[in-house]
Amino acid sequence: MKIGVKKIENYYTVTALCWKNDGSKLVTGSLCGSVDLYDASLRKVRYKGKFEFNYVSPSQIVIQTLSSGNRVVIKTLTSPEISRINVLQDRFVVANTIQSLIIGDLETQKISEIMWRGSGNEKYDFSNPNVCMIYNAGELTLVEYGNNEPLGNCRTEHVKPHLISTRLCYSDQDSAKSIAYLLDLQTICVLDLNSNSTLININHDSKIDFLELNARANKLIFRDKRRQLYLYNLKTMVKNTLLNYCNYAQWVPDSEVVVAQNRGNLCVWYSIENPDKVTIYGIKGDVESIERSASKTEVIVNEANNQVAYTLDEPMIEFGFAVENRELDKAASILDP
């Protein structure tokens, strides 16, 4: 590899040399025992005061997160030069070359490069885990981080995050990859991304304003303009009404638990296979979000401009998900205490 047009001079015989694995530095050892370290950067750029871009070659950039020191290498395999690079939401990198698009997650360090000739008006959505959605000229393209082939694509005019839901399931028993989106305001299409075939079209008698797949992509919740919340089982094709006057609904991440709000009630379905069994908590505000860590799950409620956390039953959440995934040893270990 050539380092710009610079010539590295060493006045003693070089007996050893080695590149740093990201190509940003070169170290040499000489006959007299000296060790020299050379910076191979073409240039360095500070980005938003949070990142440093180290251009080690026209086709390779090392991104360093200044707060943590973590480094990620962005490299194109299809073009001679990266022409533009941005970091969105302080986590996701988008880089352009003359014939490709590079998408990456700095947290998981998974990078994808797909062949791409866009219009320059692309819109990016990172709300779905493990997937970047790119909307361009009426078409939605899905990119799985770490995969250099597009996951799939579909055409829809309804591209708001709460009207599209993508799920990738990596369990040993199931490797489902699906997307649910609106064909029109009253029709939901669920597409199997593995085979690029339509699993089902769900017709509804009212306009739909929210939808979300569960983690295993076999159940769907959606809400219509009448504020009625429904559960649709994609395997049995059975639809159940979960709640009336619903103004918030969401699957708890990586679980089979649904959280929804009905006026002053926080409703939790720990066993969604039994929609009539619901746990109700009284609240005095509006649900804002669900936060889940390794040890607990909390529903954040805004009560009189104060955020109040309602803690859910974590063993119940973990047990239900383990049973659904047929991880019986894990389910038994949850029951032991």
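**Reading charged side chains**

Mentor: Arg155 is exposed, since its relative accessible area is 53%. Exposed means over 50%, buried under 20%, and partly exposed in between (1.4 Å probe, protein chains only). This is a predicted model: local features need pLDDT of at least 70, side-chain atom pairs count only at pLDDT 80 or more, and totals for chains, interfaces and linings use all residues. Residues are numbered from 1 along each chain as its sequence is written, and side-chain values use heavy atoms, leaving out hydrogens and water.

Trainee: With which residue does Arg155 meet in a salt bridge?

Mentor: A salt bridge is a side-chain nitrogen of Lys or Arg within 4 Å of a carboxyl oxygen of Asp or Glu. Here Arg155 pairs with Glu139 at 3.9 Å, N to O. Arg155 belongs to strand E15 and Glu139 to strand E14, 16 residues apart; strands are DSSP runs of at least two residues and helices (H or I) of at least four, numbered from the N terminus. Glu139 is partly exposed, at 28%.

Trainee: How many salt bridges does this rule give?

Mentor: The count comes to 14. Among them, Arg292 and Glu314 bring their closest N and O atoms to 2.9 Å. Arg292 lies in strand E28 and Glu314 in helix H1, so this pair ties together parts 22 residues apart in sequence. Glu314 is buried, at 6%, whereas Arg292 is partly exposed, at 27%.

Trainee: Is Lys219, the partner of Glu273, buried or exposed?

Mentor: Lys219 counts as buried, at 3% relative accessibility. Its salt bridge with Glu273 has closest N and O atoms 3.0 Å apart.
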